[in-house]
Amino acid sequence: MTPKEVIEMAKENDVKVVDLRFMDLLGTWQHFSVPIRELTEQSFEDGFGFDGSSIRGWQSIHESDMLVIPEPETARIDPFYREPTLVLIGKIVDPVTRELYSKDPRNVAKKAELYLKSTGIGDVAYFGPEAEFFIFDDIRYDSGANFSFYFIDAIEGIWNSGREEDPNLGYKLRHKEGYFPVPPADKLQDIRSEMMLILESLGIEAECHHHEVATAGQGEIDMRFKPLVQMGDQLIWFKYVLKNVAARHNKTVTFMPKPIFADNGNGMHTHFSIWKEGNPVFAGDKYAGLSQEALYAIGGILKHCAAICAFTNPTTNSYKRLVPGFEAPVNLAYSQRNRSAAVRIPMYSPSPKAKRLEFRCPDPSCNPYLAFSAMLMAAIDGIENKIDPGEPLDKDIYSLPPEELAKVGTTPGSLEEAIEALEKDHEFLMKGDVFTQDLIETWISWKREKEIDELRLRPHPYEFFLYFDI
């Protein structure tokens, strides 16, 4: 779409407001709005100014002026605003030098795509994330010097099986039994369908939706794979749509990795492939129908997995999900069927075009532009350096003898470990100036000071249960 076509689109839809959007470093969509008369063809060159010092992880106060330059191909009509509103995602530019901003996550993803092409390995990387979520009816939380709590409620929650509901009609989903039951056990079919259809109306192709394993409204809506930057855009729209549809129904959606104790958390298994000149680079005659390049890509992902987790699993809560022994994909191995392996090779279709890797560690708390870019850079490093992934792990990981299990590495046990790994291992991310030193340093310092240290300083409610009477 050209700038002229965007303006025509706005006229056809009687647009009155233009919403300019971009993503902060940590993964929150930001926006401001201007009247439609402010949008001209020249706007797609000149951009719109804003204060970058108020955006998390960005500019300091003495260099706060920044520009967002709308990208015409991102134009969509917002499905929720009362007034007809055109949404444009923009690239962030320094108003003085006109250089692209190094800590704009979408810019990182664009550079990753360009770097892939420069290597000659491929010309497009496709990503297909399966972002799980919960739909709750009530969420309350607070923390202070003398108290801390959270309280979750959902009509499906098994803890409500004995609640007086005048009447309580039952059909509460037991822990780990939420996968695929029909209504009335699945009480959220119509809401998920509404979410899916709004995504479709925005041009975001959905493949299916269903209830997920956990009680209390866990769901999944799968999107058809797309190139890196496009899928980053779609995943941000995905979160936006799901949250706003839930709000319409007086409910709330969370992508928090582990909001409920004793049940499955929200993962984001991510399917990934590289293509060149219309052909799948990962298809071949090696293990599970993979090419040698695909095996090397797996080697890169496994070698750099701990550092990658700093971006694909970027919260302290992420590691409440990545716990060994609970069916989580924590084992640094690959397999064609073993779902506890960090990398799985899906075997649903024999077609070479369907050959892909599934990196199972990520969760939907991540910034998708940074997470997908880190995955791609690790895979490229594996291919360029011919990193051997070792033998596949097709055995039941939970039945392995201790001496054999000890040979299988695991993902980091905490965000602190992942950040330490990133600090030691980030050269592969900086090739082609994809990730820059200032972005990595900002990420590390933010995560340590604003999240890891803040959590470490606070007593946990369960500590009172364990220790108050000692």
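Visitor: Why is Phe465 called exposed?

Guide: Phe465 has a relative accessible area of 62%, and exposed means over 50%, buried under 20% and partly exposed in between, with a 1.4 Å probe and protein chains only. Phe465 is therefore exposed. This is a predicted model, in which local features need pLDDT of at least 70 and side-chain atom pairs pLDDT 80 or more, while totals for chains, interfaces and linings use all residues. Residues are numbered from 1 along each chain as its sequence is written, and side-chain values use heavy atoms, without hydrogens and water.

Visitor: Where is Phe465 found?

Guide: Phe465 lies in helix 13, residues 461-467. Helices (H or I, at least four residues) and strands (E, at least two) are DSSP runs, numbered from the N terminus.

Visitor: Why is His269 called buried?

Guide: The relative accessible area of His269 is 14%, so His269 falls on the buried side of the cut-off. His269 belongs to strand 14, residues 268-276.

Visitor: What makes the pair His269 and Arg360 a polar contact?

Guide: Their side chains are joined at 3.4 Å. A polar contact is a pair of N or O atoms within 3.5 Å; within protein, one must be able to donate a hydrogen and the other to accept it, and residues adjacent in sequence count only if both atoms are side-chain atoms. The pair therefore qualifies as a polar contact.

Visitor: How do you know that strand 8 and strand 9 pair?

Guide: Two strands pair if DSSP finds at least two bridges between them. Strand 8 (residues 138-143) and strand 9 (residues 148-153) are joined by 6 bridges and run antiparallel, so they pair.
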